Amino acid sequence: MWNNDGPPMTPADSERLRAAFRGFLGGGQRPDSAARARMTQFNTDQPFVLRNAGAVGILLDAGKEQDLLNMSGSPTRVLPLPQVVVAHEDYTLFDRLLGAGVTPRLEANIQNTLSMKDSVPQWNTVAEIRGTDHPGQVVIVGAHLDSWDLGTGTTDNGTGSMATLEAARIIAQSGLKPRRTIRFILFTGEEQGLLGSRKYAEAHAPEADSIQAVIVLDNGAGAITGMALQGHLEAYALWRMLLAPVHRLNADTINDAVKGGTDHLSFIPYGVPGFNFNQLTRGYNHTHHSQSDTYDKAIAGDLTQASTVIAVSAFELANLPAMLTRWEKRLPVQPIVAAPVSPDLLRGH
Ligand SMILES: [Zn+2]
């Protein structure tokens, strides 16, 4: 949404902005860490720049098909302007109108509250099966219990949460005792920036060297296809071995993908090996964060398979002869709330 007092944004304006952004990055090369830091700062500053230029809100493309919406939001990026998500079909209509030189007029009625003062208590849900030989050494199996409320959160991350519970049940029911403790955690606040797992990892930082590994399931309703090594190719032999027993479940494909966006990331800065299973897609990009994330998307056979693969992986990690080699620590960990933007931008216009 743009203030009518200012000139409307034209396609030429967009192209100028894009060119300026490319120049800002240093001319089309692969960004180094300094450039990435500037990109992050730019992303933080951009809505303030827009506000100071007279923008009254931001329209965001939902980026899904068939009129689905999409939602997100995080204290890691508090915006100075209201942000409204519109269905991709509407967004592309606005784009075509702007391209044809027509300025669409929009009216929005947004009623909500945002407070930086009041904190809302949230809880991680934790249970464990104690290890027989090394109870102080822990394998963490995780998923996140929170979701967005356009749907009911089945695929993001109800299925991961239920597979975590079922893995716990399978191990308990088997009667087998793991040598190390297996801790099952349903994290909270994942969607707002991994809040629950970051706080958990922070609170348990002194024991981080006793966490054998963290394994997470958070890529939808599909069966597990295997593991992503998170860039740690040296873990290939380990995962070949861990997944060998589930070969017949088609769960033993390993790739070196570095996966973001979920709770294993919170532990990696402390040197804990952290992994997020690869899964069949099963329309996950369609369902997650949208009205389509509903119970009918759960697939019983896939969930049974995923629960089994998690149970086997967790049990084997708990029974390895030794602790896994620590990954490189990246401390201190960045605070959750985004660093303030340049002070002159905060002053407004
Ligand atoms: Zn998720």
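Among contacts in the chain between residues at least 6 apart in sequence, 81% join residues at least 24 apart. The model that gives this figure is predicted. The chain has 349 residues, and 34% of them are buried. Its secondary structure comes to nine helices and nine strands.

The largest nonpolar core has 55 residues. Val139, Val141, Ile215, Ile310 and Ala314 have the most contacts inside this core. Helix α8 gives the most to the core, with ten residues.

Val141 shows how such a residue is surrounded. Leaving out residues up to four places away in sequence, Val141 touches Thr164, Ala167, Ile182, Phe184, Ile215, Ile310 and Ala314. Three of these partners, Ile215, Ile310 and Ala314, are themselves among the residues with the most contacts in the core.

Now take the helix pair. Two packed helices are described by the angle between their axes and the distance between the axes. Helix α4 spans residues 154-174, and helix α8 spans residues 300-319. Their axes come within 8 Å and cross at roughly 55°. The crossing of α4 and α8 is right-handed.

Which residues in α4 and α8 meet? From α4 come Thr159, Met162, Ala163, Thr164, Glu166, Ala167, Ile170 and Ile171. From α8 come Leu303, Ala306, Ser307, Thr308, Ile310, Ala311, Ala314 and Phe315. The residues of this contact divide into eleven nonpolar, four polar and one charged. The spacing of such residues follows from helix geometry. An α-helix has 3.6 residues a turn, so residues three or four places apart point the same way. Thr164 and Ala167 in α4, and Ile310 and Ala314 in α8, belong to the contact between the two helices. Val141 touches each of these four residues.

Helix α4 also holds a backbone feature. Most residues other than glycine have a negative phi, and most peptide bonds are trans. A cis peptide bond joins Asp156 and Asn157, with omega about 10°. Asn157 lies in α4. A cis peptide bond also joins Leu331 and Pro332, and its omega is about 0°. Pro332 is found in the loop between α8 and α9, the latter at residues 343-346.

Two residues carry a positive phi without being glycine. For Asp67, phi is near 65°. Asp67 sits in the loop between β1 (58-61) and β2 (83-86). With 13 C-beta neighbours inside 10 Å, Asp67 counts as partly exposed. For Gln230, phi is about 60°. Gln230 lies in the loop between β7 (224-228) and α6 (236-243). Is Gln230 buried or exposed? Gln230 counts as buried, because 20 C-beta neighbours lie inside 10 Å, and 20 or more is the cut-off for a buried residue.

Next, look at helix α5, residues 195-203. Its buried residues are Leu195, Gly196, Ser197, Arg198, Tyr200 and Ala201. They pack against β4 (134-144) and β5 (180-187). Arg198 is worth a stop. This arginine has 23 other C-beta atoms within 10 Å, so Arg198 is buried. Leaving aside neighbours within four places in sequence, Arg198 is in contact with Ser266 and Ile336. Arg198 and Ile336 are 138 residues apart in sequence, yet 8.2 Å apart in space, C-alpha to C-alpha.

Ala127 lies in strand β3, residues 125-129. With 14 other C-beta atoms within 10 Å, Ala127 is partly exposed. Beyond four places in sequence, Ala127 is in contact with Ala168 and Phe184. Phe184 is also touched by Val141. Ala127 and Ile185 are 58 residues apart in sequence, and their C-alpha atoms are 6.6 Å apart.

Finish at Leu280. Leu280 is placed in the loop between β9 (274-279) and α7 (284-287). Leu280 has 18 C-beta neighbours inside 10 Å and so counts as partly exposed. Not counting residues up to four places away in sequence, Leu280 touches Gly222, Ala223, Thr225 and Asp302. The C-alpha atoms of Leu280 and Ala221 are separated by 7.8 Å, although the two residues are 59 residues apart along the chain.

Notes: Residues numbered from 1 in each chain as written. Predicted model: local features only at pLDDT ≥ 70, side-chain atom pairs only at ≥ 80, totals over all residues. Axes fitted to C-alpha atoms, helices over the stretch in contact; angles between N-to-C directions. Helix = DSSP H or I, 4+ residues; strand = E, 2+ residues; numbered from the N terminus. Left-handed = near helix turned anticlockwise from the far one by under 90°. Contact = placed C-beta atoms within 7 Å. Nonpolar A, V, L, I, M, F, W, Y, C, P; charged D, E, K, R; others polar. Buried ≥ 20, exposed ≤ 12 C-beta atoms within 10 Å, placed from the backbone. Core = buried A, V, L, I, M, F, W, Y, C linked by C-beta atoms within 7 Å.
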